[in-house]
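I opened the model to look up a handful of positions and then the chain as a whole. My entries follow in the order in which I made them.

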Amino acid sequence: MTSAWPDWLVVRVPTSGPGPEVDRTLRRHRLHTVCEAAQCPNIWECYHSRTATFLILGDACTRRCGFCAVGHGPTAPVDQHEPLRLAQAALALGLKHVVITSVSRDDLSDGGAGQFAACVRAVRATVPCAKVEVLVPDFGGDRTAVDTVLRVAPDVFNHNLETVPRLYSTVRPQAGYARSLAVLAQAAAAGATVKSGLMLGLGERPAEVRQALRDLREAGCHLVTMGQYLRPSPAHLPVRRFVPPAEFDRLKAAALELGFRGVVSAPLVRSSYRAEQMAAHS
């Protein structure tokens with residue numbers, strides 16, 4: 001286990017700019033963001049760029065992944081007005097690329113797929129020039145739920161693999177490596193631009209990461225992000241290793257050799273980090 005953060009993980013927070021205005025806009029529309037809920041280290045960089053990743057279906061997750069800072073507890077009823085508020089916030093922020101994710105909602109018959117579809121439709125109606133990226137849970141492997149999202153044709157369909165199969169039982173105990181690959185393969189077969197992400201520093205071996213990249217390509221994944229896992233609290237999984245930037249660079253080169261269209265690989269990268277620029281590779 002490692003504790004002291006290396007210099008390359010130091011985050012410089014902008015001292016001026018539109019960040020507070022973005023925060024006020026989100027609160028005025030009563031919206032959650034994964035930026036805040038997941039303690040993203042890039043939150044103020046993104047807010048400074050007048051962007052954020054919307055978190056729908058509440059801020060309480062039905063799963064307990066060992067890495068994730070998103071809270072747990074009683075879930076809220078699906079808010080039928082949330083899609084419109086989200087679209088109005090996207091318009092107010094001037095977003096050209098809207099990223100929508102959610103907590104896992106295993107308590108819902110469709111896992112929340114219908115709400116994703118409603119949000120995509122609302123954004124398209126309100127901000128027709130914007131691209132829409134969805135970062136979805138695995139919906140319990142329900143192919144019908146995945147199809148519900150695919151039918152509204154998001155510009156990017158993202159689902160994170162997160163880690164290597166050996167670590168799934170501790171990192172994602174309520175998920176499955178093969179299940180996540182199947183979700184991505186289903187989206188690729190439907191013609192979607194498919195994206196996924198991996199966290200490093202949880203104890204994975206370099207050969208396992210390269211195999212995960214090969215598995216993603218075989219599933220039809222086009223875009224991939226790789227970043228350093230950072231422990232949100234002492235109750236979460238420990239960081240086993242801080243991966244140096246040069247290793248992230250080597251992994252990026254390996255991913256490009258495998259045929260990924262776009263790769264963002266660096267210590268502070270997260271799933272939706274600079275998503276608009278990455279989508280340009282699709």
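**Entry 1: T101**

Strands here are DSSP runs of E with at least two residues, helices are runs of H or I with at least four residues, and both are numbered from the N terminus. The model is predicted: local features need pLDDT of at least 70, side-chain atom pairs count only at pLDDT 80 or more, and totals for chains, interfaces and linings use all residues. Residues are numbered from 1 along each chain as its sequence is written, and side-chain values use heavy atoms, with hydrogens and water left out.

Is T101 buried or exposed? T101 is buried, at a relative accessible area of 6%. I use buried for under 20% relative accessible area, exposed for over 50% and partly exposed for in between, with a 1.4 Å probe and protein chains only. Setting aside residues up to four places away in sequence, I list V34, T53, F54, L55, I56, F116 and L135 as touching T101; contact means heavy atoms within 4.5 Å. I also noted that the T101 side chain reaches the backbone oxygen of L135 at 2.7 Å. Such a polar contact is a pair of N or O atoms within 3.5 Å; within protein, one must be able to donate a hydrogen and the other to accept it, and residues adjacent in sequence count only if both atoms are side-chain atoms.

**Entry 2: helix α6**

I went on to α6, residues 143-150, where A145, V146, T148, V149 and L150 are buried. An α-helix has 3.6 residues a turn, so residues three or four places apart point the same way. What do the buried residues of α6 pack against? I find α5 (113-126), β6 (131-135), β7 (156-158) and α8 (177-189).

**Entry 3: N158**

N158 is in strand β7. I read its relative accessible area as 1%, so N158 is buried. Apart from residues up to four places away in sequence, N158 touches E133, V134, L135, V136, K195, S196 and S271.

**Entry 4: positive phi**

I checked two residues with positive phi. L57 is not a glycine, yet its phi is about 70°. L57 sits in the loop between β2 (53-56) and β3 (60-61) and is buried, at 4% relative accessible area. R274, also not a glycine, has a phi of about 50°. I place R274 in the loop between β10 (262-265) and α11 (275-279), and R274 is partly exposed, at 45%.

**Entry 5: Y229**

Y229 lies in the loop between β9 (223-228) and α10 (245-258). Its relative accessibility is 2%, so I count Y229 as buried. Which residues are in contact with Y229, leaving aside its neighbours within four places in sequence? They are G66, F67, M199, L200, L202, H236, L237, P238 and V239. The Y229 side chain reaches the backbone oxygen of L237 at 2.5 Å. I also took the C-alpha separation from R28, 201 residues away along the chain, as 31 Å.

P41 is in the loop between α2 (34-37) and α3 (43-48). P41 and V11, 30 residues apart in sequence, are 6.9 Å apart C-alpha to C-alpha. Beyond neighbours within four places in sequence, I find P41 in contact with V11, L230, L268 and R270.

A266 is in the loop between β10 and α11 and is partly exposed, at 27% relative accessible area. Not counting residues up to four places away in sequence, A266 touches M226, G227, Q228 and F248.

**Entry 6: the chain as a whole**

I count 11 helices and 10 strands in the protein chain. The radius of gyration is 18 Å, close to the 19 Å of the globule rule for 282 residues, so the chain is as compact as a globular protein of that length. The radius is taken over C-alpha atoms, and the rule is 2.2 Å times the number of residues to the power 0.38. Along the principal axes, the C-alpha atoms fill a box of roughly 45 × 45 × 40 Å. Of the 282 residues, 55% count as buried. Among contacts with a separation of 6 or more, 74% are between residues 24 or more positions apart.
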